[in-house]
Amino acid sequence: MSSEDSALAAEDRPLLSLHAVSKTYRTARETTSVLKALDLELPRGEITCLVGPSGCGKSTLVSLIAGLLVPDSGQVIFDGQDIGALPDTRRAQLRATRIGIVLQSGNLVPFLTAGENIALAIRLAGRTARAAHIHALLKQVDLEDRAGHLPRRLSGGEAQRVAVALALANDPELLLADEAVGQLDGATARVVINTLHTACRDRGLAVLLVTHNPEIVSLSSRVLRLSGGHLERAS
Amino acid sequence: MIGSIEPREYPATAKGWGLRVAVTALSMRYTTASGPIRALDGVTMTVEPGTSVAIVGPSGSGKSTRLGILGGLETPTSGEVRVGPHLLSAMAEPDRAALRRRHFGFVFQAGNLQPFLTASENVGLQAVLAGLADEPAQTRALLESLDVISLERRFPDELSGGQRQRVAVARAIVHNPGIILADEPTGSLDGASVNRVVELLLQHHATHGATLVVVTHDRAVAERMSTVLEMRAGRMAGPT
Amino acid sequence: MSGQVTLGGFVQRDLFRNPRRTLTSLVGVVVGVGLFSAVLFFIDGSGASMTRRAVAPLTLDMQRVLTTPLGGGIRLEQTMADDALDAGDTTLVTLTIANDGFAPAHEVVVRVPPNVALEYVADSTDQNETPIVDVAGGSPLFQGEAGTGLNIGTVEPAVSVRITYRLRATASVASTADLPVRATISTREAVTPALANAPRATALQTLADTVADVPGVAAADPLVLVDMAAETLTARGIAVPGPVKLFAFDTRYLSHYPSVKIRSGSMRQGGALISAETARALSLSVGGTVTIELPGGAAPLSLDVTGITDLSGARPLFESREAGTLEKFRYVPFTVVVDPSVYSDQVEPAFEAAAAERDSALNSLPLEELDVLIERSILNSDPATAFAQTSGIAEAVQGVASGQDYLIDNISNTLHVAAEDAAVAKRLFVFLGLPGGILAAILTAYAGTLLAGAQRRENALLRVRGAARKHLLFLLALRTVAIAGVGSLLGTVLGFATVLALLGRSILFEASPAALLQSTLIGVSGGMLVTALALYVPGRSLITREIKQQLNISSQRTTPSWHRLPVDLIALAIAVALQLVALRLGAFDAPPGSVYAGQAVTLPLQLLVAPIIAWLAGTLFIAHLLQEITARAASGRGAQPFTRLRSGVLWRSITRRLTALTGGVVTVGLVVSLGTMLACFATVYDTAKVADARFQVGSDIRLTPNPTSDRPHPTALSAEFDVSGVAGATPVVFSSQNSVLTSDFNEDVTSLAAIDPDTFGTVAALPDSVFVSGTAGRMLSALRSTPDGILVNIALAEGLKLKIGDPVEVLLARDTDQQTRTPMRVVGLFTKFPGAAQGTDIVANLDFYQRETGLTDADYYLVASSDRSVPGLDRTVQGLSEVQALSAGQELQQNFEVLTSETALDRDQSSLTALNVRGLLQLDSFFTFLMAATATAMFVFGMLLQRRREYVTLRAQGMSSSDIRALVLAEAGISATLGTAIGVLVGIGMASQFVQVLRPIFTLSPALAVPKAELAVLAALVLCATALSSAAAAFQIGRLKPTELLRDE
C-alpha cells in the first residue's frame, strides 16, 4: 500500500478495538466469567451505546478499555497499540490525555470544588489549568455558576454534568461514559448529549455510552448489547 | 408518647390503612459557602391516603430534600408536614423515629443495606425494629416473592445493583408500613430491573393500600403512578 | 473561580477541608512524639541538677594530705657586709640557707637576679668556703638568658649552707638596707620561690593561700589532725579515760564546714575548744582550763576553754584518710581544738623535737592537710563536664608546690561516678521513652487503617483521572511529610510544656540551651522519621497492590496476613527466650553502686529489649487469640432471626467485622499495658525506696542520744517508750569498730551490734532476705537460745574463713575500760543489717554483751510507729517527746538525734535515684492517659467515619437515637474493656521484667507490687474516655444530614 493509503487506513482504523478479550473474576466463593472472547470496535466520531442487564459486566468492559484492568486474554488496541502490554504509567498517561472517563458515581474528589476538580484533571495531563478554560467547560454543561461548589452541594445530576465537563477538559479522543446521563432528566440529558454530539462531529471524538435511557439509546446509531459475556449488535 | 401507633386508629381505606401526607408552605434553606440555597420554597401539597404519587423535576430541584422532610429525617426551615394525624415537623426526634420504624418504609437510590447483615437479616432487622417478631418463614416468603430467595445468605457486597435494590424493597415493605417513600429507586438499574422494582412497589401498594411517594427523574416510572407532581427550582409546578 | 491545583495544593486542600480526618492522623503523632520528646527534655532538666545533687553530700571536696610539713623550714637569709657604698666599692653578700625542719629539703635552688646599682664580681662565689665556678661569664646564681639559679642539692635537717659572693657598686648606694631583696630560694618540696628574709609563716598557711588563688577554688583551709596517747587531756589532775585527738583549725574552717558545731562558747585566739565528752569527763565548762600533755618532754600546754564542741557529726574531722577505709567514720570522743598559731608555736615544735629523737615513742606524726572547697557555682550541671572541670582544678591544686603529699580528690570521684550514673540513667530513661515513639507509630498506623477506605476511593478516582503510580506516591509522600512534620512539631511543643509544668521553670532552664535545642531536634526528627514510616510504608504498599490489581472485592470480613496468630507466637517466643537467656547468664545480678568505691550502678539495659518485644507480641497474641476464638464461635451465619434488637445487631456487627474491633483492642491494649507497667513500677519503686529508707534507719524512728546531753540512756529506757503511736521499741548497742573478731585463721577489727532478740524482730526492718540461710525469726531465736552466739556478715566470714558453728573469740567494748575478750560461736550469716550506714560486721545478744562487759548504756533506740505515714511518724515523735524519761521538760531534739525513715529518704545519696525517677514516671503516666484517651476516641471516630451511611440508614429505618448510641457505646466499650484487660495483663508481665532489670538501684530486693487503685483509675479513665467519645459520636450521628449521605457516593 502507498503511504497515502496507509494514512487513510489509519484514519479509517477504529480508535479502539478489542480482540477476543476475556475477563474472569475470582472470589473466595466462586469464579465468574464476565467477558468471554469479546470483539469490539469503536470508530471515531460516533456515539456507541452499550446496553444490557445490570451486573453483567458493562463496568468491567469500561475499565478494560480505560486501561484500569488488564484482560485475562485477548487484546485491547487503542490507536494501534496494545494497551495491555503497556506499563501502568503509560496507561495512566492515556487516561490523563487521550481518554475521558465518566463513571457511574464518585467522579469528583469530595474536598475539591467543581472547578478545582476540573483543574486537577488538566494538571494531571501536564497542562496549565486556566480559569477561562474551566469556565468554558462548565458552560458547556450549563453549570458555569457552580464552579465554586463542593460536590456535596451539588445534586446528583449536577455532579454528573460536572463529571462530563471534566472528562472533556483535556480534549480526549475517546470518551467512556458509564451511566453519565442516567440520572438526568430529559432536558438536561439532552444538553449533555448535544455536547457530546458536537464533540464527535467537530473533533472526531469516539464515545462509548453505557445507558438504560431508551431516549438516549434512540439517539444513537450504534447500539451494542452485552449479555452473558457476549456482545451483539442491537438495532 | 408515640410508642404504639396502632393501625386501628386510622380510618381504613378500601384496601388498607395508608397514611395521608399533607405539606403546607414548606421551605428549606441551607447556607453554604457560596451563599444561601433555597432547596424548597413554599411548597404546599396533599397526598391522599392509599394513593401513589411521583415527584419529578430536574436534578437540583429539591426532590430528594422533599422526601427527606417527608420522612422526618430533616426539619424544614419553615412550614408544616403532617403525616396522618401527626404534625411531623413539630415532633422531637425520638417520636419521629418511632413513627418511622413502624409506619414508614424507605427505598433509597443506592439500596443502603447494612453491609454486615445478610439479605434476610437486613429484612428481618426492619421487622424487629417495627416491633414485630422476626418470622423467618415470613421473611423467606417475601424474599421469594421478590425473586431474591437464593440470595438470602449473601452479604450486600456480593449482590448486584438490581439484586440489592430488590432486597431493599423487601426491607421497605416487610413491616407493612402505611407510607413508602422511594428516592430514585430505579436510578441505577437497567430496563428490566427498573420494571421489576416498579412492579413490586405498585403491587404492594395495591394489595396493602400503603401511600406511595416516588421521587424519580424517569418519566416512564413517573407515569405509572396515579399522580405526578412536578418540581422546579424548589417550587411545585402543579400536577400534570 | 478556582485556581491552580498542583499536587501540593491537592494535599493542602485535603488536609484543610477534611479537618476530622487530619485530626485523626495528627493526634496519634502528637501524643506519641510528645512523650518521646518530653522524656528527652526531662533528662535535660533533671540532669541539670545532677551535679548539684551529686556533690551535695560531700564531706570534703579535696584534701591535700601532707606527709611531711612543707618546706620543712628551709629559709634563706641574705645579708650585706656594708651599710653604704660609694661608686666603685665592692661588698660581700652572704646567703645563709638553713633547714630548720626535720625532713631534708631536696634540690634547693638559690637564685639572685642582678641589681641595677650593683654588678657581680667575677669568680667571687663561694659555697661553704669552696669556690663555685662562674657560668657563662656570669654569676652562678643567675645563669644564662633565663637566669636560672644555683642548685645546691639536698640540705639535711638542722644543716646550714653559706654562699658568699662579691658585688661592685656602679653608683653610690646610700643605704644597702634599702635595696630591694630579690634573692629567692626554692626546693623540690616548695617550688614556688620564696624571697630571702621572708617572715616566718607556717608553710601550710602559705600553701593554703596559694591554692586558694587557683581558679575554681572557693576556699583552702589548713587542718591539722594529731593522734595523741590516752589520758593526754587533763584538768585538775583528772585525765580523760581514752585516746585523744587534737585538731588545729581556725574560724574560717568552722564557717566552711558546718558539721563542726560549737555547742557553747566560741573559738578565740589562744584558747581551746573541748568536746562535750571531754568536758563531762573532766567536769569542765567554758572558762575553765584544760591541759594538754605534749610528747617529747615538752611542758604541758594549758589553755583556757573558750567553747564546748559537738563533733559527733563532724565527718571532715573523723573520716578516714587511709586509702582502704575512706568513708569510714572513726569517731574519737575526747578531742581538743586549738587555733593554728598555738599549734605551730607550741604543739608542732614538741612533735618535731620528739620525732628528731632517735628512740622516740611517738606513735604517729601530726597529719597536716589542706581542705579544699570548690566553687560550686562554676560547676557545669552535667556531671561529665563538671568532672572535667574538677579534674583540671585538681591538677592545678596538685601543681602548687607539689611534693611529698597526695591529693584525695573526692569531688572528682563523685562526679565521675555521677557522670557514669547519669549516662546509664539517661539510657534507661530513653528506654522508658522509647515506647512513646513506638506508640506514635502505632497510633498513626491505626489512623491510617481507619482512613484506608477513603484513601482507596480517592486513589481509585485519581487513577481514573490518569494519575500514575508516581503521582500517587508523591501525594502520599506530601501528605506524610505534612502530618509527620506538623505532628512532630506540635508533639515536641507538648512535650516541652509538660516537662515545664512538671519540673518548673527554674529546673528546666538550668539545662543549657544547646542541650534543649538538641533534644528538640531529636524529638522532631525522630518523631518525623517514625511516623513517616508508619504512614508511608502501609500507604505505599496499598498503592502498589491496587495497581497490581491484587485487591479483591473490598470485603471487611477478610483478615490480612499479618493478623495471623503464628507470627505473634514467634515474636512472643523470642521475647521469652531472651529473658531466659539473660537470667541464666545472671545478667540481672549487677553489683550495686557506691560513690566512694568509685563504682557506678551497672544496669543491664540491653535486656530492656525483651520487655518491649513482649509488650508488642504479647498484646497482639492475646488479641488475635480472642479474635480467632470469636470468629469460630460466630461461624454459622445466615438467616438467623433477630431475637433481641440491640444484642442481635451488636453481635453481628462485631463478629463480622472482627478486624475493626481487634484494631481498637490492640491499640488500647498497647497503651494500657504501658500505663500498667509504669504504675506497677512506680509502686515498686516507692515501696522499695521506703523499705530501703527504713532499713537504713533501722526502723521507723531512730533515737540517738546526743553526746552533749546529760540524760542517761540505759538500754532499759526503751521499755518506757510506751506511748500512743509507738508499736514497739528496742535498744541497740553499736558503734564503728567497737570490737575485734578472731577466728582460727585471722582476726579483724569489726563493728558489733548488740540487739535484744525479743524486741528487735518486731521493731526493726529485718527482712528474711538479709540472712543467708533461714528466716529472721530463726536467726533471732538462735541468738536468744544461744546467748554467746553471733551472727556474722558473710563478707567478713569469708575473709576469716568462718562457717556456722565455728567458735571464735570476740573482744568486746574495744578501747574502753570495760574491754573484755570472750569466746563466742557463729550461729548465722547475713549480707547486710539494718541501721548502720557504715556496715555491721557482727550481731550479738544484748543481754550477753551487757553481762560480759558490765555496760548498761544503749547507743541508740529503734522505735516502730504504728502509723507509718509522714504525719503518723511526726505524731509518734511528738508522743515520744512527752515521755518524761526521755526529755524531762526539754525538747526531744536537745537530748536525742531523731532520725525517721522520712528524713532518711530525703538524704538518699544514690545518684541514680536522685535523677527523679518518680518524676519521670509521672510524666510517662500523664502521656499514657492521653494516649489511652486518644486511642479510644480514634476507635470511636473511626467507626463514625467508616460507618456513617450505616448509622444514617438505621436512623431512617427508625432506630431510635438511644439505640444507636447504645450500639456505638457497646462496640466501643467492648473494644476498650478487652483492650484494658489485655493491657493490664501484659503490663504486669512487663513490670516484673522491668523490676528485675532495675534491682541494682535498691538496697533490698524489690518485690513486684500491683497497685490496684491506680490501675482501677487507669481503667476508669479509659472507659470514661470511651463513654465520652461514644456520646460525642452519637451526637454527631444525630446531626448528620441524611439526604446528603444517602445519596450515591
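This is a predicted model: local features need pLDDT of at least 70, side-chain atom pairs count only at pLDDT 80 or more; totals for chains, interfaces and linings use all residues.
Author: Residues are numbered from 1 along each chain as its sequence is written, and chains are lettered from A and ligands numbered from 1 in the order in which they are written.

Reader: Why does Gly835(C) count as buried?

Author: A residue is buried if 20 or more other C-beta atoms, placed from the backbone, lie within 10 Å of its own, exposed if 12 or fewer, and partly exposed in between. Gly835(C) has 23 C-beta neighbours inside 10 Å, and therefore it counts as buried.

Reader: Where is Gly835(C) found, and which residues is Gly835(C) in contact with?

Author: Gly835(C) is found in the loop between β28 (820-830) and β29 (842-845) of chain C, where strands (E, at least two residues) and helices (H or I, at least four) are DSSP runs numbered from the N terminus. Two residues are in contact if their C-beta atoms, placed from the backbone, lie within 7 Å. Leaving aside neighbours within four places in sequence, the contacts of Gly835(C) include Val697(C), Arg702(C) and Leu862(C).

Reader: What makes a set of residues a nonpolar core?

Author: Such a core is a set of buried Ala, Val, Leu, Ile, Met, Phe, Trp, Tyr and Cys residues joined through C-beta atoms within 7 Å. The largest one has 221 residues, and among those with the most contacts inside it are Val169(B), Val39(C) and Phe681(C). Helix α10 (residues 410-450) of chain C gives the most to this core, with 21 residues. A second, separate core of 86 residues includes Leu40(A) and Val464(C). For Val169(B), contacts beyond four places in sequence include Val107(B), Leu146(B) and Leu201(B).

Reader: How many residues of chain B are in contact with chain C, and which element supplies the largest share?

Author: On the side of chain B, 35 residues are in contact with 28 residues of chain C, and the largest share of that side, 7 residues, comes from α3(B). The residues of this side divide into 14 nonpolar, 11 polar and 10 charged, where Ala, Val, Leu, Ile, Met, Phe, Trp, Tyr, Cys and Pro count as nonpolar, Asp, Glu, Lys and Arg as charged, and the others, Gly among them, as polar.

Reader: What percentage of the residues of chain B count as buried?

Author: Of its 240 residues, 58% count as buried.
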